[in-house]
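Hi everyone, thanks for coming. Let me walk you through a structure that may be new to you, starting with a pocket and then moving to a helix.

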Amino acid sequence: HHTDHTQINHITKMSGARGGLFGAGGRFSGGTDPIMEKFNESIHFDKRMWHEDITGSIAYAKANAKIGILTDHERDVIINGLNEISQEWANDQFELKPGDEDIHTANERRLTEIVGKEIGGKLHTGRSRNDQVATDTRLWTVKEELKILANLAELLNIGANFAKEHVDILCAGYTHLQPAQPIRFSHWILSHLTPIMRDAERLKQMIPRANQCPLGSGALAGNAFNVDRTYLAQELKFDGVTLNSLDAVCDRDFIVEFLNWHALFLTHVSQLAEDLIILNLQKTVIIADAYATGSSLMPQKKNPDALELLRGKAGVALGRSVSLTCTLKGLPRAYNKDLQEDKPLLFAAVDTVHDCVAILSGVLATLTPVEAKLVGTLQPEMLATDLAEYLVLHKQVPFRETHHISGACVRLCEDNGIQLNQLSMEQLQSIDERLCDEGDVRIMDVLTDYSKSVERKQSIGGTSRERVLECAETCLEFAKGLV
């Protein structure tokens with residue numbers, strides 16, 4: 001059997017830097033396997049929480065000064081040092097060094113360089129990276145969720161105003177991808193905005209659960225110096241404090257909630273994208289060139305790539321939500337390093353949602369409905385239900401009977417190769433003598449007037465002009481409450 005001597009040499013020479021904060025010289029006598037260092041570190045992705053990490057440390061320095069762990073002078077020195085580090089990150093001047101395992105150790109290492117180990121080494125008193133990372137991640141997540149809410153408000157504004165602008169355009173409504181009944185084009189648009197309103201409502205409800213302060217929970221058993229956790233929560237603008245230190249350091253429910261939320265939201269986005277792809281196929285809408293691409297071979301192609309990518313993101317999103325839930329399901333109390341895998345999923349989810357909302361907003365803002373083509377999707381057979389309802393309203397025929405009568409009319413059309421509006425009065429009467437005019441209401445109008453069909457749906461949520469505009473206004477008013 002061949003032995004890889006390079007690998008053996010690598011394993012026997014554990015010379016990796018453990019980092020000066022809590023490595024060699026303490027519990028551990030030697031270095032780490034360099035591959036283990038790379039395997040273990042998270043700085044390449046969690047550095048995007050640098051602002052939250054510094055914000056949390058400033059609050060913690062203030063809290064430690066309140067209980068006498070730090071003098072006022074030491075607190076101020078630490079805070080000034082942290083602000084200097086913040087400027088370095090903001091100006092892209094922060095220099096990562098070997099041993100900077102994560103954002104917490106990187107910032108603390110830099111702090112000790114600036115203010116010295118004697119003062120800088122006091123900051124972490126009573127704190128663990130377990131409650132520190134939980135704090136940073138909650139702060140970052142809530143910040144991004146609030147941004148997403150504002151972006152959803154803009155998306156809803158664009159969509160609702162688009163619906164109002166085109167409220168008079170009629171088109172076919174479908175079930176099972178089969179022509180069903182006439183609707184307003186705007187009614188279709190709002191049918192996709194309504195689930196996004198529910199998504200926004202859900203996200204808004206999630207934020208208070210995420211916005212709870214775990215700082216002061218220590219590694220798992222709490223803080224031995226009686227730090228004021230309520231003060232920490234107020235400083236960091238949390239809504240409250242977590243109830244149990246053991247749970248606080250390993251609770252990732254707020255991330256699971258967001259991942260599940262983004263999977264459902266992107267499912268709704270995917271459904272809208274699919275509908276638009278179909279409308280684009282029918283040439284009933286024009287997608288702006290900014291959101292389409294061409295073919296490397298076929299000069300005539302204009303592909304709705306933006307919509308296809310929006311549709312594709314939903315499957316990946318579902319994978320993220322399942323992935324973290326599977327990671328969590330077998331974990332014992334309390335913190336385990338498995339939890340480090342939460343942030344790549346969270347960051348990717350947030351980035352994807354931001355991108356998808358921006359793209360969808362652009363698609364809707366630049367979308368052009370082709371009214372003649374949309375009206376051309378209307379088919380006389382869609383008025384078969386109206387014919388049944390006519391008999392109910394004007395002839396007092398039970399609906400189940402009228403359904404049968406109208407179905408017989410459709411079958412007669414199919415047998416004779418004609419449309420419903422081409423039936424003669426004689427043919428209608430041959431099916432049922434009650435298929436005739438009633439006062440000022442002409443039965444042939446029922447079989448030809450799509451506008452009246454749409455306008456008859458006047459109950460809340462229906463397709464009448466008044467109800468569609470009412471729905472759009474409700475959407476606009478809802479969006480105001482998101483920011």
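A quick definition to begin: on a 1 Å grid over the protein atoms alone, a pocket is an open set of points where a 1.4 Å probe fits, with protein on both sides within 12 Å along at least five of seven lines, and lining residues have an atom within 4 Å of a point. Grid points are joined across faces, edges and corners, and the volume is the space filled by probe spheres set on them.

What you see is a predicted model, where local features need pLDDT of at least 70, side-chain atom pairs count only at pLDDT 80 or more, and totals for chains, interfaces and linings use all residues. Residues are numbered from 1 along each chain as its sequence is written, and side-chain values use heavy atoms, without hydrogens or water.

So, the largest pocket: its volume is about 450 Å³. Its lining has 20 residues, and A172, G173, Y174, W188 and D275 lie nearest the centre. β1 (170-175), α9 (185-210) and α12 (253-282) each give two or more residues to that lining. Helices (H or I, at least four residues) and strands (E, at least two) are DSSP runs, numbered from the N terminus.

Now, please find α6, residues 103-115. Among the buried ones are I103, L111 and V115.

Key: The expected span of a helix is 1.5 Å times one less than its number of residues. Buried means under 20% relative accessible area, exposed over 50%, partly exposed in between (1.4 Å probe, protein chains only).
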